[in-house]
Every structure is written in structure tokens, then in C-alpha cells.
Amino acid sequence: MTLFKQLSLLMLAVFITVILVLSWGQLSELRSFLYRQMQSELDNSSQALSLMLQPYMEQADRAGAETMITAMFEGGLYQSITLTWLADGSSQSWQADPSAEGVPHWFRDLPLFVPPTQQRPITSGWLQLGELEIQAHPGYGYRQLWNSLQTLLWLCAGLFLLMLTLAKWGLRRVLHPLEQVRQHAARVAEHQFGCPIPEPRTQELAAMVRSINTMEHHLKLQFDAHKDQVNALQHSLLTDPVSSLPNRQHLQNRLSSWLQEGSDGALFLLSLPMLEQIRAQFGYQLRDEALVRLADALQRLLQPHSEAVACRISAHEFVVVAESLNSAQQQQLAEQLQQLVHRADQSSGLNDPEPSAIGAVRRQGEHCARQILAESDQAMRQARTQRECLVWYGNAERTPVSLEQWRQRLTEGLQNPLALHRQPVMDGHSHQVLHWEVFGRLRQGDQEFDASRFLPYLVLLGKGAEFDRSLITQVLALPELKPGAPRMAINLTSEAIQDAEFGQWLIARLQKRAYPVQFEISEQVALHGGESLMALRRALKEMGYPFGVDHFGRALGSLDYLEQLAPDYLRLDHAYGRESTPQQQQLCRALCLTAYGLQIEVFLCGVESVQALQAWQPLELTGYQGFIHPPQPLQATPVEPAERTD
């Protein structure tokens with residue numbers, strides 16, 4: 001029970017007690033007054049009636065006495081009148097109905113009044129003629145008490161409503177700082193730091209608010225220091241100290257994750273021997289300055305490609321991993337890299353710089369990290385031998401699928417049901433299914449295309465939101481979506497996140513009923529989603545749908561987005577699950593502690609064996625996912641393809 005309710009009940013109990021005591025005192029005083037008044041009137045009436053009956057009783061005029069008593073009985077408030085004739089011992093009685101008009105029977109039955117009775121003798125001189133007994137009618141007293149009680153009840157009800165209104169307003173005003181403290185403490189528990197709470201006028205509450213503000217300030221400093229340590233650790237382990245580009249370790253992680261996903265792309269190995277020439281002639285300082293300029297140029301060149309990254313792997317060699325780029329984009333990037341290294345050679349300040357060389361490899365399905373690096377090195381050496389700037393390795397001359405062909409494939413594929421597959425995400429302790437991750441594949445005849453194959457073309461052709469609509473429509477129609485069943489996670493594309501019309505459609509669709517689904521995005525989308533992402537996240541949170549981030553730890557960026565987006569869970573990048581080096585475990589532990597501090601669950605991905613899972617058990621991860629439990633096909637319920645509404 002809340003403090004507000006407790007104080008309200010206490011005030012209500014005190015008010016009712018006071019009202020009952022005052023009401024009982026008032027009614028008791030009124031009852032005593034009415035009793036005295038009835039007794040006084042009874043004395044006067046009996047005195048007057050006995051004097052009026054004396055002449056009739058002296059003459060033994062029974063008819064006259066009866067007429068006198070009847071007239072007085074009918075005009076007064078009497079319960080009964082009894083006249084006794086002592087001459088012959090006879091008596092006459094007059095009785096009235098004991099009920100009171102306008103008074104309920106239950107109230108009349110309460111023993112509030114004992115009707116007063118008055119006996120008075122009738123004499124003539126020293127001779128006693130008779131005896132008169134009069135009993136007052138209690139109806140008058142009950143009626144007065146009932147009317148007073150009604151008035152008192154209405155007055156108490158009005159006072160009660162007034163007191164309740166004032167108490168509610170007053171208590172809310174007084175307890176408002178406590179409510180602020182409660183809300184603030186809940187946000188602080190989730191490491192959502194904001195402005196300090198203003199101090200109230202109440203001294204006790206002001207002291208508590210100061211304590212909360214001080215605690216929040218220290219926690220924020222500690223949490224910020226922890227984030228800085230994580231960022232520093234991430235950069236010390238995964239970046240080159242001179243160029244600030246990712247190093248060989250990050251390259252290995254990136255290649256492992258990229259090659260496991262199976263998306264298209266290319267790898268470029270850049271060799272710039274002029275850097276060694278600058279070091280030999282001018283020293284390390286000028287070499288480092290040239291290295292920084294080259295790194296900045298590479299980052300600006302790759303900025304339009306969110307999935308591309310440049311790494312420094314040796315003193316004069318760099319690797320550019322261009323994920324999710326189609327053939328035309330790969331060729332364009334290759335030309336831009338040739339221009340970049342050519343400008344670097346010309347601006348080196350050397351009289352006869354040794355020409356740079358680039359070895360390029362298009363990603364093939366059978367590639368592993370060691371193989372694709374070896375092929376790029378072979379292509380780079382061939383370029384140096386042939387005195388060419390760039391050489392593609394092996395079957396790079398094969399005819400790629402054109403953009404128009406992919407447009408036709410996507411258009412036809414989205415008109416038909418997608419091939420649905422799901423992969424379980426297991427609990428780290430019970431090893432039971434926590435939820436499923438759903439994948440959609442395009443169908444073309446008997447052939448299925450994995451999302452990693454066509455995702456770059458979805459983005460390039462602006463069909464990402466359309467694909468997500470088709471996928472969501474099919475998933476929501478699955479018979480497996482029963483109440484209480486494990487949720488199904490749907491990964492949203494960056495285009496769908498930025499499409500306001502798609503967001504409105506999704507919210508309207510989810511409002512029909514509570515579906516056991518949840519949504520997630522890649523870390524790259526989380527870093528650059530902007531206000532569109534935050535608006536969709538808030539809407540889904542209000543409706544109770546969990547939200548997650550995939551490929552956590554892949555990007556070398558700030559973790560501030562975790563506080564702003566506040567996801568419900570994170571999936572670690574596949575590179576962490578495939579290899580378990582001490583450096584990776586150290587970095588992963590730091591990332592997990594940051595997430596746990598924000599009350600965010602963390603799942604390990606890319607787990608292929610029990611041995612790989614056991615290596616990560618000390619981190620106490622929420623769950624795991626990988627080919628230790630491979631994807632399973634889903635039987636989709638036929639539905640009409642989702643159409644874009646204009």
C-alpha cells in the first residue's frame with residue numbers, strides 16, 4: 001500500500017472518529033433536552049387537566065369528564081391517559097398509536113426514550129375524588145432526533161467530501177517530493193541520469209532529496225568513468241594508437257562475423273611502401289603525420305558506406321572490408337581507393353616514391369578469414385609485380401548479377417510468400433528456448449536467397465520497408481504465435497526505421513491484439529537511427545513489445561546510445577562466440593558489465609559447440625544462440641502480400 005493511501009486512511013479514520021464522538025455528544029445532549037422538555041410539558045398538562053376535571057368529578061359527571069379528556073388527548077402529545085374514579089374503582093383509558101410519522105421503524109425501535117409518566121390525584125378539599133395518570137408520547141422525541149440525525153449526516157457528508165478533497169490536494173502537494181524521489185530513484189537504478197530534484201520546503205524531505213541528488217551525482221560519475229574505461233579498453237585492444245584506425249584484432253573479429261553471415265562485399269588490401277620511405281628519410285614524426293592524413297582520408301571515403309571499415313594491419317598495409325556492397329558499388333569503391341593512394345604517393349614529398357598497390361577480393365561463399373586475406377595478399381603482390389595500382393583476385397571477372405536483375409528478383413520475390421526460418425535463442429541456465437529469431441528468404445522457383453545476399457540491394461533499391469512489411473505480415477499470421485508461446489524476434493532494416501509510414505503501419509497492426517513478437521535492429525542502425533528510431537522505440541515500449549540490438553560490440557563507437565535507446569536485450573557480435581581469446585573475454589566482460597548496469601540482457605551469438613559455450617560461462621550471460629542449435633524452417637500461413645499505402 002502506498003504512503004499516500006496509508007496517510008489518507010489514517011486521516012479518514014481520525015475524521016470519522018471525531019465526527020462520531022461529536023455526533024454522539026450532540027445527539028445525547030439533544031436527547032436529554034427533549035426528555036426534560038417532555039417532562040416539563042407533562043407536569044403542566046397533568047396539573048391543568050386535574051384542575052379542569054375537579055368540577056366534573058364532584059358532580060360525578062362522567063360524560064363531561066370524558067369529553068374534557070378526549071379534547072385534551074386529541075390536541076396533545078400523549079401516549080395514554082388513564083382516569084380512575086375512586087368512588088366505585090372504575091377507570092377510563094385513552095391510548096394513542098406509538099409510531100411516529102416520518103421516522104423509520106428501526107430507529108423507533110431503538111431504546112432512546114423511556115416515555116415519562118405523571119400520576120396526579122384529583123381532590124375536593126380533603127376528599128380524594130380520583131387519580132389521573134398521563135404518559136407522554138415518545139414520537140415527538142424520536143422525530144426530533146431523527147431530523148437532527150439527518151441534518152447531522154448531511155453536514156458530515158459535506159464536511160467529509162470537503163476534507164477528502166483538501167486532504168487529497170494537500171497530501172499530493174506534501175508528498176510530491178517523495179513521488180519525485182521514487183521516480184528519480186527508478187531512473188537512477190536504470191542509469192538514466194537527469195537534472196537534480198529541486199529541494200522541497202519540508203526540512204525532512206529536503207534532507208532526503210539532497211541525499212538522493214548527491215548519490216545520483218556520484219553514481220553518474222562512476223558510470224561515466226566505467227563507460228570511459230570501456231571505451232578506452234576497446235580502443236586500446238582494437239585500434240591502432242597512431243592512426244586511430246581499427247587494428248588487426250578488430251579485423252579478425254570483423255571478418256569472422258562478416259564471413260559467417262554470408263553477405264556480399266569485397267576486401268581490399270592496400271600496400272603503401274612510401275610510408276616506410278618517409279620514415280627512413282625524415283623520421284617517425286613525419287611518417288606518423290602522413291599516416292594520420294591517410295587514415296582521415298580513408299574514413300571520409302568510407303563514410304557513405306556504413307558497413308565498410310578500414311584497418312591498419314602493419315606499418316604500411318591497410319585492409320578495407322566493404323560489407324554489403326553490390327558489384328557496382330565494389331567497383332566504384334575500388335576506383336576511389338586507387339585515386340586515394342595515387343594522391344597519397346604524389347603528396348608524400350619523396351622524389352621517387354615506390355608505387356602503392358591494392359589487392360582486391362570479392363567475397364565467396366567458401367571463404368574463411370585466413371583464405372580471403374591470403375588471396376588479397378596474393379592479388380596485392382601481383383599488382384606490385386605488374387606495376388599496376390589494383391588487381392582483382394581470381395574469378396573477379398565473372399559476370400555479376402546486374403542491378404536491374406536484382407530489381408526484378410526482388411519485385412517478383414516480394415509478391416510471393418517468403419521462405420521463413422527460425423533459430424532458437426536458449427536460456428543460459430535452463431537451456432530452454434527463450435525466444436526465436438525469424439529469418440525471411442526470397443524464393444525464386446526452387447532456389448532460396450538468404451537475406452545477406454539481397455539485403456544490400458534492398459537498401460539500394462528502396463525496398464527495405466516493403467520487405468519488412470511482407471515478413472511481419474507473414475509472421476503475425478503464423479499458427480505458432482499462441483498466447484504464452486516464446487516470442488519471435490524480427491530484425492528491422494534501416495530503411496524501415498526511417499520510413500514514418502512504415503512505423504504507423506506497424507503500430508496500427510500491433511494494436512489489433514497482443515502478438516508474442518519482438519523487434520531488433522543492428523548496432524549500426526542504433527548508432528545512426530536518430531529521432532525516427534527513438535519514436536518507434538517509444539511506441540513499441542508503450543505497447544509492451546521488447547526491443548533489442550544485434551551485433552553489439554562490432555562498432556568502435558560510444559556506448560551512449562544504450563542510455564538513450566534503452567533496449568531490452570543485446571546480441572553480442574558473432575566474432576565473440578567463434579573465438580574466446582583473453583583479450584576478447586576482457587572486452588566482452590566490460591561490455592556486458594555496462595549492459596548489466598543498465599538492466600539490459602546480453603546474449604552470446606555464433607556459438608557452434610558446447611566447448612565454445614563453456615568458455616563464456618564465467619560471464620553469466622542471459623542466453624546464447626548459434627549453430628549449436630541451427631535454424632529450422634517455418635511453415636508460413638498464406639497471406640496477401642503487404643502493399644504500400646499511399
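Predicted model: local features only at pLDDT ≥ 70, side-chain atom pairs only at ≥ 80, totals over all residues.

Me: Which ring does the charged end of Arg422 sit over?

Reply: That of Trp436, with a distance of 3.8 Å to the ring centre.

Me: How many aromatic pairs does the structure hold, and how is the geometry of a pair to be read?

Reply: There are 5 aromatic pairs. The angle between the planes decides the class: under 30 degrees is stacked, over 60 is edge-to-face, and the rest are tilted. Phe502 and Trp505 form a tilted pair, 5.8 Å centre to centre with 35 degrees between the planes.

Me: Where do Phe502 and Trp505 lie relative to each other in helix 15?

Reply: Phe502 and Trp505 are 3 residues apart in helix 15 (residues 500-510), which means that about one helical turn separates them. Burial is judged by a relative accessible area under 20%. Phe502, at 0% relative accessibility, therefore counts as buried, and Trp505 is also buried, at 18%.

Me: What class of pair do the rings of Phe519 and Tyr545 form?

Reply: Their planes stand at 65 degrees and their centres are 6.4 Å apart, so this pair is edge-to-face. Phe519 belongs to strand 14 (residues 517-522), while Tyr545 is in the loop between helix 17 (530-542) and strand 15 (547-552); the pair therefore ties together parts 26 residues apart in sequence. Phe519 is buried at a relative accessible area of 0%, and Tyr545 is buried at 5%.

Me: Helix 17 has now been mentioned. How many residues does helix 17 have, and what distance does it reach?

Reply: A helix can be checked by comparing its reach with the span expected at 1.5 Å a residue. Helix 17 has 13 residues and extends 19 Å from its first C-alpha to its last, close to the expected 18 Å. Gly544, which follows helix 17, has a positive phi near 85 degrees.

Me: Which residues of helix 17 are buried, and which are exposed on the other side?

Reply: The buried residues are Leu533, Met534, Leu536, Arg537 and Leu540. Viewed down the axis of helix 17, these buried residues fall within an arc of 165 degrees, so they line one face of the helix. On the other side, Glu531 and Glu542 are exposed. The elements that cover the buried residues include helix 14 (494-498), helix 15, strand 14, helix 16 (523-528), strand 15 and helix 18 (560-565).

Me: What do strand 3 and strand 4 form, and which residue in the turn has a positive phi?

Reply: They form a hairpin with 2 residues between the strands, and Gly125 in the turn has a positive phi of about 70 degrees.

How values were computed
Residues numbered from 1 in each chain as written. Heavy atoms only, no water. Pairing = 2+ DSSP bridges. Helix = DSSP H or I, 4+ residues; strand = E, 2+ residues; numbered from the N terminus. Phe/Tyr/Trp six-rings, centres within 6.5 Å; stacked < 30°, edge-to-face > 60°. Buried < 20%, exposed > 50% of the residue type's maximum accessible area, 1.4 Å probe, protein only. Lys NZ or Arg CZ within 6 Å of the ring centre and 35° of its normal. Expected span 1.5 Å × (residues − 1). Arc of directions from axis to C-beta. Contact = heavy atoms within 4.5 Å.
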